Amino acid sequence: MFPELFSFGPFHLRTFGVLLAAAFLIGTWIALGEARRRGIDETKLVNMVLVILVSSIVGARAFYVFTHPAELRGDPLSFLRIWEGGLTLIGGFVAGTVAGFAYMRKAGLPLGATADTVTPSVALGVAIARVGCFLNGCCFGLPGSQPWCVHFPPGAPASILFPGFPVHPSQLYNAAAFFGLFLLTLWLRPRLKGDGQLWWAFVILFALVRIPIDATRYYESSAYVTKIFGRFVTDSELIGLALVVIGVVLFVRAGRRGSARDAA
């Protein structure tokens, strides 16, 4: 675990922040290339990416705070200390999606085509950010006996909670899954004809890949809200299931619009 790359007096350069910045820059570069190909205004696209970035961080933190209210009691400013952990992927994803579509409408950008333009970038950004989670020591997994399970150093949350036990590197499972989704979206991009289909296909897969990975991840007992088919599920997984339903409906609708346009 390497939470800090550099420290000098009060100045701390944190790994998570560096990787988050790298994800933003690389993702924007990829999206701009696709925007030029589609004829989408590049300045508006960059502005939209900034809106999504800020909204995602705020949403990820807000959802965590909403589900862990006790952690802010007596210290409200801890909401701002995101480098200490406490971000939820599903909260950031939902907030970023809502803010992104709101900006598209306000800026007059084509909704489906613009969403498709940034889809591979979002997938790659999540993959890079999850590597940052691993190095930061947050979002860790449950104890396991597989040879790839890892020991975090003393003082890390996983070591405090499960002293002496190796845990699943759930952060890296997520990173690998979303890097795979990045490659898959690049492959699907020229094969899906309806504007918006690529985005909604990603939304469906985004939610589905979390189910097996979340089974290896540690969650506080308060995160489990109900039991489905004999398995306790978290609030994030319930939101993910809702995203699957919404994604399927809108994927089919986008496909029909694309077929109708081609037939005209």
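Among contacts in the protein chain between residues at least 6 apart in sequence, 67% link residues at least 24 apart. Keep in mind as you look around that this is a predicted model. The chain has eight helices and four strands, and 47% of its 264 residues count as buried. Below, we start with the whole chain and then turn to helix α4 (residues 111–136), with its contacts to α1 and to α3.

**The chain as a whole**

**α1 against α4**

- Two packed helices are described by the angle between their axes and by the distance between those axes.
- For α1 and α4, the packing angle is about 165 degrees and the axes lie 8 Å apart.
- Angles over 145 degrees count as roughly antiparallel, and α1 and α4 are therefore roughly antiparallel to each other.
- The crossing in which α1 passes α4 is right-handed.
- Sorted by class, the contact of α1 with α4 has 16 nonpolar residues, six polar ones and three charged ones.

**A closer look at W29**

- W29 sits in helix α1, which covers residues 15–38.
- With a relative accessible area of 63%, W29 is exposed, because the cut-off for exposed is over 50%.
- Although W29 and S121 are 92 residues apart in sequence, their C-alpha atoms are 8.6 Å apart in space.

**α3 against α4**

- Helix α3 (residues 89–107) and α4 cross at roughly 155 degrees, and their axes come within 12 Å.
- This pair, α3 and α4, is therefore also described as roughly antiparallel.
- The crossing of α3 and α4 is right-handed.
- On the α3 side, the contact is made by L89, F93, F101, M104 and R105.
- On the α4 side, L111, T114, A115, V122, V126 and R130 take part in the contact.
- By class, the contact of α3 with α4 has eight nonpolar residues, one polar residue and two charged residues.

**To take away**

- Helix α4 packs with α1 at an angle of about 165 degrees and crosses α3 at roughly 155 degrees.

Definitions and conventions
Residues numbered from 1 in each chain as written. Predicted model: local features only at pLDDT ≥ 70, side-chain atom pairs only at ≥ 80, totals over all residues. Heavy atoms only, no water. Helix = DSSP H or I, 4+ residues; strand = E, 2+ residues; numbered from the N terminus. Buried < 20%, exposed > 50% of the residue type's maximum accessible area, 1.4 Å probe, protein only. Contact = heavy atoms within 4.5 Å. Axes fitted to C-alpha atoms, helices over the stretch in contact; angles between N-to-C directions. Parallel < 35°, antiparallel > 145°, perpendicular 65-115°, else oblique. Left-handed = near helix turned anticlockwise from the far one by under 90°. Nonpolar A, V, L, I, M, F, W, Y, C, P; charged D, E, K, R; others polar.
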